[in-house]
Amino acid sequence: MINIVIFTKILLVVSLITFLSYLLWFSVFYLERVKDVNCKVDGTPYNLFIMVPLLNEEMTVSTYVKNLILELNKLGNNIQTNIILINDGSTDNTLRNLQYLEGSINSPHTKIHILNRTLPNAQQGKGSALNFGLDYISNIPTSYDSTHTIVGIVDADGFISADHIKMIIGAFENNDVGMVQTAVSMNSTKHNWLSKMQDIEFLGANSFMQESRNKIGQAIASGNGQFITLKMAQEVRWGNSLLEDFEFTVRGLLKGFKTIFVPHAVVYQEAVQKVHPLFKQRIRWCQGSMQCWAKYSLRILKSPLIHNSVKTDMLLFLTLPFFSMILNVANSFSALLQINNIFTRKPLPVMIVFFTVLLFTLFVWLLMGLEYHQNSDRFSLVRCVLRSWECIIYNYFLSFIPYFAFTYLLMGRAKWDKTAHGSGQTANAN
């Protein structure tokens, strides 16, 4: 009985310290985050390649390519544009649709390159497909050097406007970085509640985190919307973890490359509209983070090229999935204990603590709602704040993801479940 009491008190202390630390961290970075990035374009010539890995995308690929070409054709003559379409062993009509597009679209400003991977080399993960495309780009004769050749990764459900691509080019011109990461938003939030929550998750909470990282000088690649100099891509290349974008960031850090986040440039993507594919997607992301922790945490800690503030942020990010499993248990025990105290002891102190925590939580997510409102012109301030408070419930359900990811990691299960694109979303979850 004594051991249980001691254990419970330890968990309560862990829960309290974590909550107070989070409030301190949040307060500091909310005031210090960097939203304004110099993106002025001066007309410097660039060679731009948009790489698109494709696996069973017959439902979206035709519309996607046509829309992308329309935007790329709006760019100035100083930017030579190319689309690298990588069919990664699709079993549907993706390749056939690509071949039809190649023969039917006349776009003198933008060149289309179709690459076809076949089994057993295909379907080895997004990183493998991107390395395949990178090797192809590296062998194309060009007069551009590797710092003025930009490789962008936009998924098959993504859309980015010409104006935002110009911002990205301007960010390279005015900042000494190897990679530029855009913000990410959902192209529609009308489908269901999950779509709305993912929009505020990406354009609110994630954008806030990236702006905070701008302050310490290192943003993180976030799947859709990462643009990289050919020099960085060739020296770093993609790894084989299930979180290939973050792994690429770490590998770049270890080689001295820097990344910046441009909050006003946005890639729009489809939201995952159903619970099962959303959980599959997030389990893969979380498991990939755990893989990176095992593979890179010591190398980050020992690296002389990484600033201490960046080391702290990277190691906290990698440790968070493991720590959150302990924190969930601590918070659950704390809540049960306080409920018991309401009925067995004086309820007033318990209620004061409860409402204090609730008010601080609502305040934090109020600020996330303000961030969301600043980054989105689609909704009123009141709607953004209310939606941010709903996101507390959404995050609670996602808090159980690390248990599944850790179980898969122990089992040695490392299946690359790709996100389904298209209104039906019937394929496996990117």
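Analyst: Contact here means heavy atoms within 4.5 Å. The model is predicted, so local features need pLDDT of at least 70 and side-chain atom pairs count only at pLDDT 80 or more, while totals for chains, interfaces and linings use all residues. Residues are numbered from 1 along each chain as its sequence is written, and side-chain values use heavy atoms, leaving out hydrogens and water.

User: Let's start with arginine 213. Why is arginine 213 called buried?

Analyst: Buried means under 20% relative accessible area, exposed means over 50%, and partly exposed is in between (1.4 Å probe, protein chains only). Arginine 213 has a relative accessible area of 5%, so this residue is buried. Arginine 213 is found in helix H6, residues 193–216 (helices are DSSP runs of H or I with at least four residues, strands are runs of E with at least two, and both are numbered from the N terminus).

User: Which residues does arginine 213 contact beyond its neighbours within four places in sequence?

Analyst: They are Gln218, Ala219, Ile220, Asp313, Met314 and Phe317.

User: What makes the pair of arginine 213 and aspartate 313 a polar contact?

Analyst: The side chains of arginine 213 and aspartate 313 are joined at 2.7 Å. A polar contact is a pair of N or O atoms within 3.5 Å; within protein, one must be able to donate a hydrogen and the other to accept it, and residues adjacent in sequence count only if both atoms are side-chain atoms.

User: Is serine 185 buried or exposed?

Analyst: Serine 185 counts as buried, because its relative accessibility is 0%. Serine 185 lies in strand S5, residues 179–186. Apart from neighbours within four places in sequence, serine 185 is in contact with residues including Asp199, Leu203, Tyr268 and Arg378.

User: How do you know which accessibility class leucine 301 belongs to?

Analyst: Leucine 301, in helix H9, has 49% relative accessibility, so it counts as partly exposed. Not counting residues up to four places away in sequence, leucine 301 touches Lys311 and Leu315.

User: And what makes leucine 316 exposed?

Analyst: Its relative accessible area is 54%, so leucine 316 is exposed. Leucine 316 lies in helix H10, residues 308–344.

User: Which residues make the contact of H8 with H9?

Analyst: Among them are Phe246 and Val250 of H8 and Tyr296 and Ile300 of H9. By class, this contact has 6 nonpolar, no polar and 6 charged residues.

User: Why are H9 and H12 called roughly perpendicular?

Analyst: The axes of H9 and helix H12 (residues 381–398) cross at roughly 65° and come within 11 Å. H9 and H12 are therefore roughly perpendicular to each other. Leu278, Phe279 and Arg282 in H9 meet Tyr394, Phe397 and Leu398 in H12.

User: What makes H9 and H13 oblique?

Analyst: H9 and helix H13 (residues 401–411) pack at about 60°, with their axes 8 Å apart. H9 and H13 are therefore oblique to each other. Residues that meet here include Ile283 and Met290 in H9 and Phe404 and Leu409 in H13.

How values were computed: Nonpolar A, V, L, I, M, F, W, Y, C, P; charged D, E, K, R; others polar. Axes fitted to C-alpha atoms, helices over the stretch in contact; angles between N-to-C directions. Parallel < 35°, antiparallel > 145°, perpendicular 65-115°, else oblique.
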